[in-house]
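Visitor: I would like to learn how to read a structure like this one. Please take me through it feature by feature.

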Amino acid sequence: MGNPIVFLILAGVAIVAAIMMVTSRNAVYSALWLVLNFSAIAIFYLLLNAPFIAMVQITVYAGAIMVLFLFVIMLLGAEQLRGVTAAIGGERWQQVLAVFSGLLLLGTMGILVFQGMGDGGDTAVTINSSPAALGVRLFEVYTFPFELTGILLLAAMIGVAIFSFKKKKKEES
Amino acid sequence: MPPVTIEWYVALSVILFLIGSMGVLLRRNAIILFMSIEMMLNSANLLFVAFARYLGDLDGQVLVFFVITVAAAEVAVGLALIVAIFRTKHSINIDEINLMKG
């Protein structure tokens with residue numbers, strides 16, 4: 001499932017980008033670090049024999065969604081939060097509790113990862129995962145969920161339109 | 001060097017998920033909170049694709065496709081909410097957003 005050296009380099013890039021995203025004080029820098037993280041994960045998808053998902057990751061996540069984020073950050077002028085100077089906020093006990101629960105999660109996951117799945121080895125199965133094969137699977141097996149996705153996107157679009165419409169009417173009156 | 005096994009991907013996914021959840025718990029900026037949630041979704045997607053490769057099953061990739069669609073809808077609605085809240089309260093600090101109305 002990939003070359004170990006390539007894996008380690010990419011994992012390092014992804015983790016460093018993730019940490020920088022969470023700790024950056026400026027929201028614009030956070031967004032740019034997140035783009036780097038998404039790009040690293042897209043390369044992982046290529047390594048894992050998923051070219052279509054990799055391209056969707058680049059266009060939809062690193063492209064469309066991050067442009068939306070940057071647009072809203074710059075629209076609101078929310079690069080730096082008013083009244084909050086530190087990158088990490090909240091009460092002291094909240095921070096301690098958050099880090100403690102995070103470590104707990106890491107510990108349990110670590111036990112599961114390194115003890116639960118014992119067979120190991122490079123047993124990856126190569127399958128035909130071209131966009132054509134994916135499309136056939138999508139429309140033959142998952143037709144109904146696909147239709148539901150269309151309804152979901154329509155509902156989200158109408159919801160966003162209602163949000164902006166209502167605000168406008170309120171400001172006029 | 002040992003070959004890359006599925007455990008490596010599980011470990012990477014857990015670490016990314018953890019950093020994302022730390023961001024949600026520790027940051028006060030609503031937009032950065034949203035970005036952290038996106039990263040958590042992404043780590044789950046990575047695991048889906050890794051197991052699709054491991055088990056030789058295409059269904060994992062189809063599921064990732066659906067997750068990306070839901071995430072796109074979620075981001076659109078969530079950012080519209082943030083903009084609406086910013087218009088009334090002139091802040092997106094989640095500590096100041098503590099009223100259901102007003």
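Guide: Start with burial: a residue counts as buried when its relative accessible area is under 20%, and as exposed when that area is over 50%. Keep in mind that this is a predicted model.

Visitor: By that cut-off, is M35(B) buried or exposed?

Guide: M35(B) has 0% relative accessibility, so the residue counts as buried. M35(B) sits in helix α2 of chain B.

Visitor: What does M35(B) touch?

Guide: Leaving aside residues up to four places away in sequence, M35(B) touches M21(A), A27(A), S30(A), A31(A), L34(A), M66(A), F69(A) and I73(A). For a distance within chain B, take V75(B): this residue is 40 positions from M35(B) along the chain, and the two C-alpha atoms are separated by 9.2 Å.

Visitor: How do I read the packing of two helices, and how do α3(A) and α2(B) cross?

Guide: Look at the distance between the axes and at the angle. For helix α3 (residues 51-76) of chain A and helix α2 (residues 30-55) of chain B, the axes come within 12 Å and cross at roughly 175°. Angles over 145 degrees count as roughly antiparallel, so α3(A) is roughly antiparallel to α2(B).

Visitor: Which residues make the contact of α3(A) with α2(B)?

Guide: On α3(A) they are I53(A), Q57(A), Y61(A), I65(A), M66(A), F69(A), V72(A), I73(A) and L76(A). On α2(B) they are I31(B), F34(B), M35(B), E38(B), L41(B), N42(B), N45(B) and V49(B). Sorted by class, this contact has 13 nonpolar, three polar and one charged residues. M35(B) is one of the contributors from α2(B), and the list of what M35(B) touches includes M66(A), F69(A) and I73(A).

Visitor: How do helix α2 of chain A and helix α1 of chain B cross?

Guide: Helix α2 (residues 27-47) of chain A and helix α1 (residues 6-26) of chain B have axes that come within 14 Å and cross at roughly 160°. The two helices are therefore roughly antiparallel to each other. Their crossing is left-handed. From α2(A), the contact involves N37(A), I41(A), F44(A) and L47(A); from α1(B), it involves Y9(B), L12(B) and L16(B). The classes are six nonpolar, one polar and no charged residues.

Visitor: At what angle do α5(A) and α3(B) pack?

Guide: The angle is about 75°, with the axes of α5(A) and helix α3 (residues 59-89) of chain B 10 Å apart. That makes α5(A) roughly perpendicular to α3(B). L134(A), R137(A) and L138(A) of α5(A) meet D59(B), Q61(B), V62(B), F65(B) and F66(B) of α3(B). By class, the contact has five nonpolar, one polar and two charged residues.

Visitor: Is A132(A) buried or exposed?

Guide: A132(A) counts as exposed, because its relative accessibility is 55%. A132(A) belongs to helix α5 (residues 131-140) of chain A. Sequence separation and spatial distance should be read as a pair: A132(A) and F52(A) are 80 residues apart in sequence, with 9.3 Å between their C-alpha atoms.

Visitor: How far apart in space are L104(A) and A18(A)?

Guide: Their C-alpha atoms are 20 Å apart, and in sequence the two residues are 86 positions apart. L104(A) is part of helix α4 (residues 92-116) of chain A and, at 51% relative accessibility, counts as exposed.

Visitor: What should I look for in the backbone angle phi?

Guide: Most residues other than glycine have a negative phi. N49(A) is not a glycine, yet its phi is positive, about 65°. N49(A) lies in the loop between α2 and α3 of chain A. With a relative accessible area of 24%, N49(A) is partly exposed.

Visitor: How many helices and strands does chain A have?

Guide: Chain A has six helices and zero strands, and its pattern along the sequence is α-α-α-α-α-α. Of its 173 residues, 32% count as buried. The accessible surface of chain A is about 10,300 Å², and 73% of that belongs to carbon and sulfur atoms. Among the contacts in chain A with a separation of 6 or more, 59% come from residues 24 or more positions apart.

How values were computed
Residues numbered from 1 in each chain as written. Chains lettered and ligands numbered in written order. Predicted model: local features only at pLDDT ≥ 70, side-chain atom pairs only at ≥ 80, totals over all residues. Heavy atoms only, no water. Axes fitted to C-alpha atoms, helices over the stretch in contact; angles between N-to-C directions. Helix = DSSP H or I, 4+ residues; strand = E, 2+ residues; numbered from the N terminus. Parallel < 35°, antiparallel > 145°, perpendicular 65-115°, else oblique. Left-handed = near helix turned anticlockwise from the far one by under 90°. Contact = heavy atoms within 4.5 Å. Nonpolar A, V, L, I, M, F, W, Y, C, P; charged D, E, K, R; others polar. Buried < 20%, exposed > 50% of the residue type's maximum accessible area, 1.4 Å probe, protein only. Areas by Shrake-Rupley, 256 points an atom, 1.4 Å probe, with all protein chains shown as cover.
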